[in-house]
Amino acid sequence: MTLGDAAEPLVHIQNFRMDFGDTTVIKDLSFDVRAGETFGFLGSNGSGKTTTLRALLGIYQPTAGTLHIGGKVFEPRDGARLGYLPEERGLYKKEAVLDVMVYFGRLKGLSKTAAKTWSQEYLERVGLVDKAAVRLDKLSGGQQQKVQLGVTIMNDPELLILDEPTKGFDPVNRRLLMDIIEEQKLAGATVIMVTHQMEEVERLCDRVILLKDGTARAYGTVSEVQEQFGGTLYRVTFEGILPASALYDVVTNAGGRAELAPRLGATETGVLRELVEAGVAVRSFTTARVSLEEIFIQVYGEQQMAEVQ
Amino acid sequence: MAFSQHNLGTVVGFEFTRTIKKKGFAIATLSIPVLLVLLFVLIYASNSSTEASADAQKNASLSFTYTDASGIIPAGMAQAAGGKTATDPDAAIAAVKDGSSEAYFDYPADPSTEPVKVYGADKGMFENGKYEAVAEQLLNAAAQSQVANPRLTAALSGGVDFDSETYRDGKPSGGIESVIPPLLFLVLFYVAMILLSNQMLNSTLEEKENRVTEMILTTLNPTTLITGKIISLFSVGLVQMLVFLAPIAAGYLFFRDSLALPEMDLSSLIIEPGPMITGALLLLGGFTLFTGVLVAIGAIMPTAKEAGTIFGPLMAAMFIPFYTFSLIISDPDSVIVQVFTYFPLTAPVTAMLRNGFGTLSGMEATIVIAELFIVGLLILRLAVHLFRYGSIEYGKKLSIAGTFRRKELAAK
């Protein structure tokens, strides 16, 4: 069963507001996720990312606004091919791994045989095939997360919503997980991913939204967001003293390395000429985009960046 | 809709299989028939021993001496029973004390006002009773022999059959034979609740405690989940009942005589359609109501431990009507019985009792049945709502009002 018309945004959120008692978690949020794209949902802890996903999936009732998947409010009885990996992980812990996977496979519309075959192949791939008959609570946290991801991507989901998918994974398994997500993307799935790992966003995401204090601080393609936050940086290796200039702002400057943010109208040639004319011995001069991590720090501050990581 | 039915079957299958596969379930379920089998073995052994003892007692004759100031006891009859006349009561008592005589009975001049004194050698608490039994039997037999009229003798000895017939609304009404069949629904209700109530309470708690709610709620409609859980619980209860009844049925079919089980004449039971249909509907309505309440409690409470604090009083509500049992039978219009008849948590048991004893009118039955189904289904709907919007509050006790406070947006 398909989730919606390919010409329309698969996910449409308009003027979403969410109150918990006297606390407003989301003030006024609007964004779309297009079919087939990978969408990064970024924000500091408590910025309302999980709340938005829960409201989108009908787990929370929104205070106001429109939250649609495929043009309508999501109802699980539609039998939609949707995979959701929640932030709060959990499965039936006292049941065997394979039994739980087959159960969810059946609920997602697979036959018993198909669910069993798929589960065994997945367990083999993630190195858990020998744990198929083992109770889930006998597995490590990381192993349980692998099983949960398997349950999430069963039956080729059209929309995959992943809330901090790599949380708790070691680097090796994180890479495995990212490969699996990338495969889903290549197979045509629309992916919404909440993450604090900026390299994951830069590797996978087509567009992103940055959430702060219940509103969107930035929204668009990764390039567009980079552009909104200064866009270009000049990275300079030099000897001498950097002069103050109307052409740029000094972002960082230490040990003969500096990052310069060009002001409006400044060009590479103009900046380079000014440095040389000021007697700076320029050893290298490269142009780079502002990284998402730098943007994250700008928006949320150093402390929050440290907290989420 | 086909997808929903597929999912309902999947939930029922999963919940049923994992319940009966649990070690705890197997132990709890099999322990009852094992205990019953042990009990039957003990009864069998005890019956064999009792029979041997009875045979020994039958063959052993009691020898006693007696004095009869009333003149009721014929000498020949006493002699046939093993008695000899004593001339000196003190000597006869002394003989019992020194063990040279088994017993001495002293019949007074007027047994209607004075006691018969019985002296005997101690043969243990149970066997000592035979002295009094023999003395009484001898006196009864002697008195009956002097009436010399078989009809009077039968009337005096209680050997007369009575055949009663009572009428309700001009039609013959049954006695205890008509009370038993509808009361079987009450028994079934208690058995179902005792076996299943704890599992009903825990059915949704497990999703919360395992934090699997979000995965489930985005995969499956909560109504389908809860309906599936209830059906699987009911199936589990049926399996348990069959396992419990198996040794009893086997005992009746194959070992009735050796286990001295009472013979049941089921043909004497009077099965009236009205009370039976009412009883069945009260059972279903009561089951629906209590299921809804238990599932709702499970949705509100964060852990099984905290749910247990509400579980106790709820179960007590099922037994409270028995405190007014005599009023239920003798004065069903009393205020307390009326309150219990209509208060949802006491209504099933009170109404089933009244239905069995024939004091529940058709109008009352209709109102109570409708009430149980309506309230039960409303509470089940509330339970689904609480599960859907409340079970995500992991580790927190749910505010019911909080789940309704937020405005649900209509699909545009």
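Where is the place of A:N155 in chain A? A:N155 sits in the loop between α4 (141–152) and β6 of chain A. This is a predicted model, in which local features need pLDDT of at least 70, side-chain atom pairs count only at pLDDT 80 or more, and totals for chains, interfaces and linings use all residues. Residues are numbered from 1 along each chain as its sequence is written, while chains are lettered from A and ligands numbered from 1 in the order in which they are written. Helices (H or I, at least four residues) and strands (E, at least two) are DSSP runs, numbered from the N terminus.

**Two asparagines of chain A**

- Phi of A:N155 is positive, near 60°, and this residue is not a glycine.
- A:N155 is partly exposed, with 19 other C-beta atoms within 10 Å.
- The cut-offs are these: a residue is buried with 20 or more other C-beta atoms within 10 Å of its own, exposed with 12 or fewer, and partly exposed in between, with C-beta atoms placed from the backbone.
- A:N15 also has a positive phi, of about 50°, although it is not a glycine.
- A:N15 belongs to strand β1 (residues 11–20) of chain A.
- A:N15 counts as partly exposed because 13 other C-beta atoms lie within 10 Å.

**Strand β7 of chain A**

- Five of the five residues of β7(A) (residues 190–194) are buried, so the strand is largely enclosed by the rest of the structure.
- In a regular strand, side chains alternate between the two faces of the sheet.
- On one side of β7(A), A:T190, A:I192 and A:V194 are buried; on the other, A:V191 and A:M193 are buried.
- Two strands pair if DSSP finds at least two bridges between them.
- β3(A) (residues 38–43) runs parallel to β7(A), joined by four bridges.
- A:F41 has A:V194 as its bridge partner in β7(A).
- β6(A) (residues 159–163) is also parallel to β7(A), with five bridges.
- A:I161 stands opposite A:I192 of β7(A).
- From β6(A), the chain passes through helix α5 (residues 171–186) to β7(A) in a right-handed β-α-β crossover.
- Right-handed here means that, with the strands pointing away from the viewer, the path from the first strand over the helix to the second runs clockwise.

**An antiparallel sheet in chain A**

- Four strands form an open sheet in the order β11-β12-β10-β13, with antiparallel pairing.
- Its edge strands are β11 (248–254) and β13 (281–289), each pairing on one side only.
- β10(A) (residues 232–239) and β12(A) (residues 257–262) are antiparallel partners over four bridges.
- Within β12(A), A:A258 is the bridge partner of A:V236.

- Chain B has 17 helices and six strands.
- Of its 412 residues, 31% count as buried.
- The axes of α7(B) (residues 176–203) and α12(B) (residues 304–319) come within 10 Å and cross at roughly 145°.
- Axes are lines fitted to C-alpha atoms, for helices over the stretch in contact, and angles run from 0 to 180 degrees between N-to-C directions.
- Residues in the contact include B:M193 and B:L201 of α7(B), and B:F311 and B:M315 of α12(B).
- Residues are in contact if their C-beta atoms, placed from the backbone, lie within 7 Å.

**B:I374**

- B:I374 lies in helix α16 (residues 362–390) of chain B.
- B:I374 is partly exposed, with 14 C-beta neighbours inside 10 Å.
- The C-alpha atoms of B:I374 and B:G285 are 8.6 Å apart, although 89 residues separate them along the chain.

How values were computed:
Two residues are in contact if their C-beta atoms, placed from the backbone, lie within 7 Å.
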